[in-house]
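Welcome! Take a look at the sequence and the model below, and then we can walk through a few of their features together.

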Amino acid sequence: MSEAALDPAPGPSAAARGPQPVEIALLASVFVVAACGLVYELSAAALSSYLLGDSVLQFSTIIGTYLFAMGVGSWLSRYFERQLPAHFLRIELMVALVGGALPALLFIANAYIPGAFRLLLYGLVLVVGTLVGLEIPLVMRILRRNVMLKDLVSQVLTFDYLGALAVSVAFPLLLVPQLGMIRTGLLFGLMNAAVALWALWLFRHELRRVGAHALACALALAALAAAFVFAGHITTLAEDKFYQDRIVFSESSPYQRIVVTRGGAGHRLFLNGNLQFAERDEYRYHEALVHPAMAAQGAPKKVAVLGGGDGMAVREILKYASVESITLVELDPNMTRLFSEHETLAALNAGALKSPKVRIVNTDAFQWLQQTGDMFDVIVVDFPDPTNFAIGKLYTNSFYALLDKRLAASGYAVIQTTSPLIARKSFWTVVATVESVGLVATPYHAHVPSFGEWGFVVAGRRPYRLPQALPEGLRFLTLPALPQLFEFPRDMARVPAEVNRLSNQTLVTTYEQEWGKVVGHGG
């Protein structure tokens, strides 16, 4: 039978009949197909930004590759001339299996064959994009039997865009936080397979070898359903290999992947795969972060902590009797909830987040600085390293200018500033950026075995002076050893660096270039 026989051009009477059940079903399928396609695209982009950093670069390249592949698929659709419903059914099943499994495959690849991760990432994006690009043209050609062209295009595109809108809202706000990345992919794979099953029913009288198609649908649905049920085991398998130690807690929030492990170094916290602290030596990091500024200020009363949702910095601040209030500004409420309520993890910060002196504000620190009118004696800035532009904005001169406005005249801010040894230019970029807004920057460093040599910057309107006393009970810092932190050997000495601005965010690029040479770095 020729394509013309399968796809007769509709006459006026066809349009006058109103929507038919097959048309409605296919248009509903367009909605589902568009939603599924966007989920696969967002999953690939989100995972690449989680695991490779630089979210703008990853999202741009993944979306560009995906759209290119869709164009290839649309072009290839011209070669499908006969048995269009059968081709549509097969393509739906392939999209369901490849797209649905995409997040799981990428997680496993990152854990077991990290060297092949990029190749697999872009290979899967090309395959899924090509298959998705085939779907809509085939649906339009099937619908052309009964729908006028002008109505056909408007209806298909309307449902296509509505499906994309629904997923673009649900993906970050509902799907990933509630299901996680792997189950989200598999759920939409099941939806694609359900569309194939629906197509099998709609076109059962036109299809050859209906039994074989039914078996393929059943096998695809069974495979995806089984993977969905055991998704937790897949995640554990991948993360246990990646993190080495036993995972005691893992959760995906709208902002990041939170993983806590326990092993030889005690508990360790990872955000998007980057190490934030290890229980064995976190005291070195947090004592070095907090006490040089706090003790030098004299008698700080009002303190702000930006980032640091684990509460470790707050724990150190509470060692000063003069402190009356601490405002902790942490974007992710899951972090502050976890380190407030989880018995084992709350013990690591000595229950600091439950102190009546602590007020927790879950919001973006940049926006909070713009809106608050409070002044602070000390501000502790404990953000993750600038692995992407969303975090990089918190290391710009615009951010430090806001920080300056919230500091009391005699106050100090202290900023965690990556490794001056491994990321030397990145470190001095932060120093130059702090200085560019008129603050006096005093850099220093400390050795934290889990991170290596790590850097910090004290910023204030007055020159920094070493403190005359430190709180009791410190495990790392001593007054005699404190001056050594402010001495930089030749391989960490200052180098020329550009100011990091919102308009260029040069720090993110520099950081990735320097840390990209090192495998398994923390943040």
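Helices (H or I, at least four residues) and strands (E, at least two) are DSSP runs, numbered from the N terminus. The expected span of a helix is 1.5 Å times one less than its number of residues. This is a predicted model, where local features need pLDDT of at least 70, side-chain atom pairs count only at pLDDT 80 or more, and totals for chains, interfaces and linings use all residues. Residues are numbered from 1 along each chain as its sequence is written, and side-chain values use heavy atoms, with hydrogens and water left out.

Let us begin with helix α17, residues 424-436. Its 13 residues reach 18 Å from first C-alpha to last, close to the 18 Å expected at 1.5 Å a residue. Buried residues (under 20% relative accessible area; exposed is over 50%, partly exposed in between; 1.4 Å probe, protein chains only) of α17 include F427, W428 and V431. After α17 comes G438, with a positive phi near 95°.

Next, the cysteines. A disulfide is a pair of cysteine sulfur atoms within 2.5 Å, and the count by this rule is zero.

| Cysteine | Nearest cysteine sulfur | Distance |
|---|---|---|
| C36 | C217 | 14 Å |
| C217 | C36 | 14 Å |

C36 counts as buried because its relative accessibility is 0%. C217 is buried too, with a relative accessible area of 0%.

Finally, which helix holds L162? L162 lies in helix α7, and L162 counts as partly exposed because its relative accessibility is 41%.
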